[in-house]
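Q: Hey, I'm new to this one. Can you walk me through what's in it?
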Amino acid sequence: MNKKSLWLGLSLLFAPLGTAHAMPFGTFDPRSMAMGGTGVASGTSANAAFFNPALLATASKDEDFSIELPIVSIRVADQDEFIDKLDTFQDGNAIDDFSNAINTFNAATTPAQALAAKDAVVSTGNTLITGLGTLSNRNLEMEIMAGAAVGIPSKKFAASVFVAGRAMGGAVLDITANDLGDIQAILDQLAANNFAPITDPTTTMTSAVLGRGAVISEVGIALAKEFGVLGGIGVGMTPKFQKVDTFDYALNIETADVTLNEGKKSYNSVNFDVGVGKAFQNNWKVGAVIKNLLPKSYTTARGNTLETKPQARVGAAHQTRWSVVSMDLDLLKNDPIAPGFDTPTQYAGIGIELDAFDFFQVRLGYRHNLSDSDTSVATAGLGFSPFGVHIDVGVMGSSNEVALGVQTGFRF
């Protein structure tokens, strides 16, 4: 391997990036998911449009025309037990119970009724404060990807047409100090045996489920060619049209359902991916890619700003007839598309694939987040490839995060 030539090529490719930050580099197919999220060098012409367009020009000789349909993956990270805590709170009806107790207190006409109603207000008020406290600042992250691609590898001129949609973002339980203070003020009033009528604070609560993120739909064509420089290097570019639907909402914590349809605002734009790849005689392959080369900024329905900026990643892979070992590394820290609603990322991944006669594949890997080790995950998956048809399944997860990907395709 000519290391001097390799580092020269990488330095030229990434020189303009500086310290740009970006949304997470997603896992787009179950094979890469099962191999620690890697794919910049270990990907195939089938998923080159998603990972590195240059792979179309550095494909192995046995790679042929491919159709991938459908490709689906979903990831949910519930580090703080957001879903369970919100469901428990909503099932407990603490807000309604407190409101009803206040109505009963205000309707009391005798000292005995007022005293009994006072106890109910105090009891339900304490329950509500405790319940709201269990929700405060809990976070839920979600990511969904679906797509399809047609790949035609070639060293002379290669292409891949693709469509894809990716939803990413999260939700936060925002419990405000004003709400807690209003409830506590009522409890303090009753503790002082002040039986004046009470204004129900649940009618003006500001605590909410906040959700923010984007759904990015893409259609594009990846183009690649091998050039004679540096002993033969593949260069690829992916022009793509994007529709970006931002979502940004605040919903009542008592009835809120987490959704991607609230507070939607849409934009259209054009962007590009560029990549390089090189295959060596000793079964090694290296690659580098910049995705979403043009930074974009979008204003949500609630006036917040979401940004997509370039994502930079390098990778290396060693492939034999029976195995593939892969490694990928994000060169930059990628801030989330919706800061505060999901986690910053800088992934380092490693994976291995064992292939039995091009018929059955077993895959394992690990992806470490250099920005937040709590979101690191183990990965695994299987592949079946009978008679030109292939089915791939991948999973990744930890105690608080899980992802699943499924893909079918045809290769001729």
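Q: What share of the chain's residues count as buried?
A: Of its 412 residues, 51% do. Buried is under 20% relative accessible area, exposed is over 50% and partly exposed is in between, with a 1.4 Å probe and protein chains only.

Q: Anything to know about where these values come from?
A: The model is predicted, so local features need pLDDT of at least 70 and side-chain atom pairs count only at pLDDT 80 or more, while totals for chains, interfaces and linings use all residues. Residues are numbered from 1 along each chain as its sequence is written, and side-chain values use heavy atoms, leaving out hydrogens and water.

Q: OK. How many helices and strands does the chain have?
A: Seven helices and 16 strands. Those are DSSP runs numbered from the N terminus: H or I with at least four residues for helices, E with at least two for strands.

Q: Which residues touch the most other members in the largest nonpolar core?
A: Phe89, Val121, Leu128 and Ile253, out of 24 residues. A nonpolar core here is a set of buried Ala, Val, Leu, Ile, Met, Phe, Trp, Tyr and Cys residues joined through side-chain atoms within 4.5 Å.

Q: And which elements give two or more residues to this core?
A: H4 (82–92), H5 (94–107), H6 (111–135), strand E3 (158–174) and H7 (177–191). H5 gives the largest share, six residues.

Q: What does Leu128 touch?
A: Not counting residues up to four places away in sequence, Leu128 touches Phe89, Ala94, Ile95, Phe98 and Ile183. Contact means heavy atoms within 4.5 Å.

Q: How do the axes of H6 and H7 cross?
A: At roughly 150°, and they come within 10 Å. The axes are lines fitted to C-alpha atoms, for helices over the stretch in contact, and angles run from 0 to 180 degrees between N-to-C directions. That makes H6 roughly antiparallel to H7, a word used for angles over 145 degrees.

Q: Which residues of H6 meet H7?
A: Among them are Val121, Leu128 and Leu132 on the H6 side, with Ile183 and Leu187 among those in H7. The contact's residues divide into ten nonpolar, three polar and one charged.

Q: Switching topic: is Thr246 buried or exposed?
A: Buried, with a relative accessible area of 0%. Thr246 is found in strand E5 (residues 233–252). Leaving aside neighbours within four places in sequence, its contacts include Gly213, Lys264, Tyr267, Tyr298 and Leu306.

Conventions
Parallel < 35°, antiparallel > 145°, perpendicular 65-115°, else oblique. Nonpolar A, V, L, I, M, F, W, Y, C, P; charged D, E, K, R; others polar.
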